[in-house]
Amino acid sequence: MAALLAGAATIALLTSPASAQQAAQPAADQADQTRKTEDTKTAPAGATLLDKILVISRTGETAIESLASASHVDQEQLDRRMATTPNEMLLGVPGVAVQADARRVSSSINIRGLQDFGRVAVIVDGARQNFQRSDHGTQSTFYVDPELIKSVDVIRGPTANTYGSGAIGGVVFFDTKDAVDFLRSGETWAGSVTGRYESNGKGWTASASGAYKFNDDLDVLGNIVYRDYGDYKNGSGDTVAGTGFDVLSGLLKTTIRPSENSELKLGWVGSSDGWTETSGGVPANDVDVKSNTFTARYNITDDARSWLDLHINASYNKTNLDLTTLVPQNRFDPSTGLPVLLPVGSTSTFDVGTAGVDIWNTSRFETAGVAHELTYGGDWVGDDVETGGTAGGDSFYTPSGKRSVSGAYIQDKLTWDWLEVIAGLRYDNYSLEDSTHETSGDRLSPRITVGVTPFESASLAGLQFYGTYAEGYRSPSLTETLISGNHPAGVTFPFLPNPNLQPETGKTTEFGVNYKLNDLVEAGDAFRLKAGYFHNDVDDYIEGVTLSAFDPTSGCPFGPGIPICFQYQNVAQAKINGFELESVYDAAWGYAGLSASITNGHTISDEGERADLATIPSSQVTGQLGFRFLQDKLTVGGEVQYNGKPKGNPVAKDYTLVNAFASYQATDNLKVDFRADNLFDVKYTNPLNGGTTAVIYEPGITLKLAATMRFGG
């Protein structure tokens with residue numbers, strides 16, 4: 001497998017990986033896509049995915065233009081990935097990992113070793129996904145069906161703080177499909193149906209889409225997806241209990257164009273999920289989740305008024321999770337610590353509502369030969385968490401309460417010849433409360449970036465260097481601040497609230513390079529590369545700490561159960577550093593790509609004690625290679641990914657995955673896709689699941705076959 005990896009990497013480099021793949025994912029996917037989508041209308045011939053406009057960008061830049069670690073995954077990539085879960089959508093994006101444990105439809109995104117409790121902002125059509133259910137596994141989780149998504153944009157690090165408060169790890173923005181993406185030129189209506197089968201877990205997916213264009217100023221798109229999957233088998237052929245699920249998802253979106261320069265998008269995305277949780281391999285709980293996201297996005301841009309590029313987003317997301325016990329369970333009352341029996345049919349409920357408003361404008365002007373893009377705006381997000389149910393149930397871990405986070409910022413992007421400077425300042429404010437506690441705080445966070453393009457020769461004119469210093473501010477979550485009572489399962493011990501918990505402050509220094517070159521080997525080909533090194537110091541990093549009741553200074557009282565307490569506290573500092581690379585070469589014959597990420601991190605206590613950070617993901621190298629045949633109707637390719645064990649992780653091991661795919665556009669209206677994941681049936685586990693109560697092994701070899709029939713007129 002090492003030879004395969006080396007071969008893929010060598011091909012990618014020798015052919016000049018041309019497209020610094022925005023999402024550092026399937027280089028091929030990106031390349032293909034770039035040729036065919038309207039995003040490339042402003043890009044040069046031979047442009048690749050890195051030349052595509054980032055949906056998340058506040059100033060309309062592409063990934064290769066961005067003086068930040070930015071990645072993009074587009075529709076064709078997603079189609080080729082044949083993703084079932086968000087985890088598969090982000091395969092190979094440098095610096096990004098997804099933790100899903102056995103609950104495959106609930107995912108938590110990790111960027112550069114930071115995750116959970118809002119450290120990574122997950123956004124769907126402008127709506128923050130802040131659902132949280134605390135447990136031994138993932139914390140802040142979300143689900144969005146890949147069939148509804150047309151692109152994913154990722155910005156790593158606190159340079160993304162214009163997109164909302166708290167994102168000291170970064171931002172992941174999922175943009176759902178629009179009617180204009182579905183309708184072909186001259187069509188007023190169109191529909192499609194997709195059927196897919198997966199061998200591992202014997203899973204079925206059925207999807208149907210329809211779009212209608214009333215006139216040039218009004219269109220609508222609807223989509224419905226149903227998935228039914230059984231428990232999958234790991235690389236040893238053993239069934240992994242509790243990994244089956246069924247989910248019904250839907251999308252409805254309309255676009256209204258009140259004037260030539262303005263647009264209003266109204267959308268709804270919803271899902272109804274269900275699965276069975278296990279304990280010791282035995283079914284323990286039945287889980288039912290319903291999620292609804294409502295969004296309204298308005299923008300007005302007038303070329304005649306360069307000061308006007310206004311965006312106004314409003315959203316509301318509501319997630320309800322109901323957990324019902326399937327077998328009697330011996331528990332402890334969280335209030336008294338005394339034993340209780342949790343009978344069959346007992347319920348735990350988690351209701352989280354998140355409202356948000358995001359407004360910004362960009363004014364473009366020139367002073368003394370220097371071009372300015374001045375962006376200024378503000379945002380507010382409010383969480384309302386209500387949990388309850390039978391005493392001793394799992395809802396105890398997630399306390400009820402309200403949290404409000406708001407911010408305002410100003411950022412100026414100055415461009416003069418070979419020099420580019422970005423200077424910004426953000427103000428954050430937060431407050432959170434329950435029936436007995438209340439806390440708040442605020443802070444100013446700066447950003448400064450300098451980029452230079454020093455060369456003029458044809459081969460080096462596309463080479464750009466940049467350096468960044470940026471800070472971000474994350475307020476504590478309700479769970480971290482307010483959790484209290486006795487541990488209800490296994491053994492009992494107290495949880496102590498910490499209303500004096502301080503917010504985290506991320507301070508990142510980053511150095512990077514962007515490089516683009518067209519017509520490298522042959523006319524029309526393209527090479528793109530992004531690479532960077534980062535170092536992030538997180539002050540007042542928050543971790544769960546075990547306190548001893550025998551230590552009179554700990555504040556841990558003696559009580560029923562074992563003589564310890566658990567409390568979220570500010571560790572003095574977390575230090576995280578790493579390297580990231582994404583590159584792609586795209587030509588008429590096909591494409592080759594290489595992406596990589598290496599992340600290291602540890603915490604340092606007030607006493608100077610150093611400990612490996614448990615949320616550090618595997619180091620990864622992903623090579624991709626694809627070929628086009630039959631006038632681009634047939635694409636065949638593969639991916640090889642090496643994963644290196646993080647330091648100090650007790651369950652992780654090095655492993656290599658090999659995947660293959662093929663896509664055939666048989667006619668204008670019939671497309672067939674095939675994919676084989678984990679071809680060599682490797683038994684492996686996600687190191688991020690090392691903190692769960694049991695090691696969860698990922699799927700073994702999985703074959704996927706899909707057909708899509710389209711019609712329209």
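Trainee: How many salt bridges does the structure hold?

Mentor: Side chains of opposite charge can pair when their charged atoms come close. The structure holds 45 salt bridges (a side-chain nitrogen of Lys or Arg within 4 Å of a carboxyl oxygen of Asp or Glu). This is a predicted model, in which local features need pLDDT of at least 70 and side-chain atom pairs count only at pLDDT 80 or more, while totals for chains, interfaces and linings use all residues. Residues are numbered from 1 along each chain as its sequence is written, and side-chain values use heavy atoms, with hydrogens and water left out.

Trainee: Which residue does glutamate 277 meet in a salt bridge?

Mentor: Its partner is arginine 133, with 2.7 Å from N to O. Distant parts of the chain are linked here: glutamate 277 sits in strand β12 (residues 262–279), and arginine 133 in the loop between β5 (127–128) and β6 (149–156), 144 residues apart. Strands (E, at least two residues) and helices (H or I, at least four) are DSSP runs, numbered from the N terminus.

Trainee: Are glutamate 277 and arginine 133 buried or exposed?

Mentor: Both glutamate 277 and arginine 133 are buried. Buried is under 20% relative accessible area, exposed over 50%, and partly exposed in between (1.4 Å probe, protein chains only).

Trainee: Which residue forms a salt bridge with lysine 265?

Mentor: Aspartate 178 does, and the closest N and O atoms are 3.3 Å apart. Lysine 265 belongs to strand β12, whereas aspartate 178 is in the loop between β7 (170–176) and α5 (179–182), 87 residues apart. Lysine 265 and aspartate 178 are both buried. They also take part in a network of salt bridges that links Asp125, Lys150, Asp175, Asp178, Asp181, Lys253, Lys265 and Arg297.

Trainee: What does arginine 443 meet in a salt bridge?

Mentor: The side chain of arginine 443 meets that of glutamate 471, at 2.8 Å from N to O. Arginine 443 is in strand β21 (residues 438–452) and glutamate 471 in strand β22 (residues 463–474), so the pair ties together parts 28 residues apart in sequence. Arginine 443 is partly exposed, with a relative accessible area of 22%. Glutamate 471 is buried, with a relative accessible area of 8%.

Trainee: How many cavities of 30 Å³ or more are there?

Mentor: Rolling a probe the size of a water molecule over the atoms shows where empty space is left. There are 10 such cavities. On a 1 Å grid over the protein atoms alone, a cavity is a set of points where a 1.4 Å probe fits but cannot get out, and lining residues have an atom within 4 Å of a point. Points are joined across faces, edges and corners, and volume is the space filled by probe spheres set on them.

Trainee: What volume does the largest cavity have, and which residues are the closest to its centre?

Mentor: The largest cavity has a volume of about 780 Å³. It is lined by 41 residues, of which Asn87, Glu88, Leu91, Tyr684 and Glu698 are the closest to its centre. Elements giving two or more residues to this lining include α4 (86–89), β2 (96–99) and β31 (634–644). β2 gives the most, with four residues.

Trainee: What about the second largest cavity?

Mentor: Its volume is about 300 Å³. Among its 25 lining residues, Phe117, Gly118, Asn130, Gln132 and Ser140 are the closest to the centre. Two or more residues each come from β3 (108–111), β4 (120–124), β18 (370–389) and α6 (478–482). The largest share of this lining, three residues, is from β4.

Notes: On a 1 Å grid over the protein atoms alone, a cavity is a set of points where a 1.4 Å probe fits but cannot get out, and a pocket is an open set with protein on both sides within 12 Å along at least five of seven lines; lining residues have an atom within 4 Å of a point.
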